[in-house]
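Hi everyone, thanks for coming.

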Amino acid sequence: MVIDAHLHCTGRETATDVMRSLDDAGIDVGVLLAPFLSDGYSLGDAASLRRANDHLATLVHGHGDRLRGLAVVNPLHPGATDDLQRAVDAGLSGVKMVPSGWFPHDDRVQSTLALAARLKLPMLFHAGIFIDGRSGRYCRPVEFEALREHPGARVTLAHLGWPWTDEAIALGLIDLINGVPPHQAMFRFDLSFGPPPSYRLEVLRRALEVLGPGLLQFGSDCFLPCPGEEIASRRGVLQALLDELQADDATRQSIWCDTAAAWLGLPCRP
Ligand SMILES: [Zn+2]
């Protein structure tokens, strides 16, 4: 079983499109993010995010075995906690947030983080630099230490926090040092690139050596609707790196499925 733990909706896709793309790419479960980067949707516009979450809730409805929908909220918006609760009530099962103009330790965002932790929602955060020129300073992995104020939070940091991959690995290591098993750790990392090609092999080697595969999961970071080949080709990039590192079957099983399944609270079929 293969989970793509990072797929963007744009608002233009239908459940049929998504299913076809997943089938063509050999993906069993897709973790879909409500649209926030495409026309008509913006992190600065709370009403557009409510529309985005409604769109996604409708899309995933009846497809719980294949699709997981992550609401997008901007915790700086005054109604963010209500919007998150509403999205969960509508059928979304996790939340994606993008620190931009706020740090995870910011007092103004604690109520939203607390709600997500209390509901045991899988949380996905952008981590690392932005490609659109926004400041990445809010998204350095070390900033996410603030989540430790919310015990029980289940967090994935995207892109292994590139270019701060050492910082991300250090953050992930703390739970392991303290004897927390990977599937119960607070932080895990998605291998959606992230690091430009010349960094990838070394970054993945280090992450595997230090964290092990139980804190690493695949995410294509593709924008739907897209042909399955696009998702498959991103999967192929990771596959080639794993081949080059001579990763064993257990390592691959974790990265393709087990790590994300534990984060999502899903059983991982063989
Ligand atoms: Zn993304």
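First, some housekeeping. This is a predicted model, so to speak of local features we need pLDDT of at least 70, side-chain atom pairs count only at pLDDT 80 or more, and totals for chains, interfaces and linings use all residues. Residues are numbered from 1 along each chain as its sequence is written.

Now the overall picture. The protein has eight helices and nine strands; here helices (H or I, at least four residues) and strands (E, at least two) are DSSP runs, numbered from the N terminus. The C-alpha trace spans about 50 × 40 × 35 Å along its principal axes. For 270 residues, a compact globule would have a radius of gyration near 18 Å, and the protein's 17 Å agrees with that. That radius is taken over C-alpha atoms, and the globule rule is 2.2 Å times the number of residues to the power 0.38.

How much of the protein is buried? Of the 270 residues, 48% count as buried. By buried I mean 20 or more other C-beta atoms within 10 Å of a residue's own, with exposed at 12 or fewer and partly exposed in between, the C-beta atoms being placed from the backbone. As for contacts with a separation of 6 or more, 78% are accounted for by residues 24 or more positions apart. A contact here needs C-beta atoms, placed from the backbone, within 7 Å.

On to the helix pairs. Two packed helices are described by the angle between their axes and the distance between the axes. Axes are lines fitted to C-alpha atoms, for helices over the stretch in contact, and angles run from 0 to 180 degrees between N-to-C directions.

Take helix H3 (residues 80-89) and helix H4 (residues 110-118): their axes come within 8 Å and cross at roughly 25 degrees. That makes H3 roughly parallel to H4. The cut-offs are under 35 degrees for roughly parallel, over 145 for roughly antiparallel, 65 to 115 for roughly perpendicular, and oblique for the rest. From H3, Ala-80, Thr-81, Leu-84 and Gln-85 meet Ser-111, Thr-112, Leu-115 and Ala-116 of H4.

Now look at helix H1 (residues 15-25) and H7, which pack at about 40 degrees with axes 7 Å apart. H1 and H7 are therefore oblique to each other. On the H1 side, Arg-20, Ser-21, Asp-23, Asp-24 and Ala-25 meet Gly-228, Glu-229, Ile-231, Ala-232 and Arg-235 in H7.

Next, the backbone. Where is the cis peptide bond with omega of about 10 degrees? This bond joins Trp-162 and Pro-163, and Pro-163 sits in the loop between strand E6 (154-157) and helix H5 (165-177). The loop between E6 and H5 also holds His-159, a non-glycine with a positive phi of about 60 degrees. His-159 is buried, with 25 other C-beta atoms within 10 Å.

Another cis peptide bond, with omega about -5 degrees, links Leu-224 to Pro-225. Pro-225 is in the loop between strand E9 (222-223) and helix H7 (228-244). In the loop between strand E8 (216-217) and E9 you'll find Asp-221, whose phi is positive too, near 60 degrees. Asp-221 counts as partly exposed, with 19 C-beta neighbours inside 10 Å.

Conventions:
Contact = placed C-beta atoms within 7 Å.
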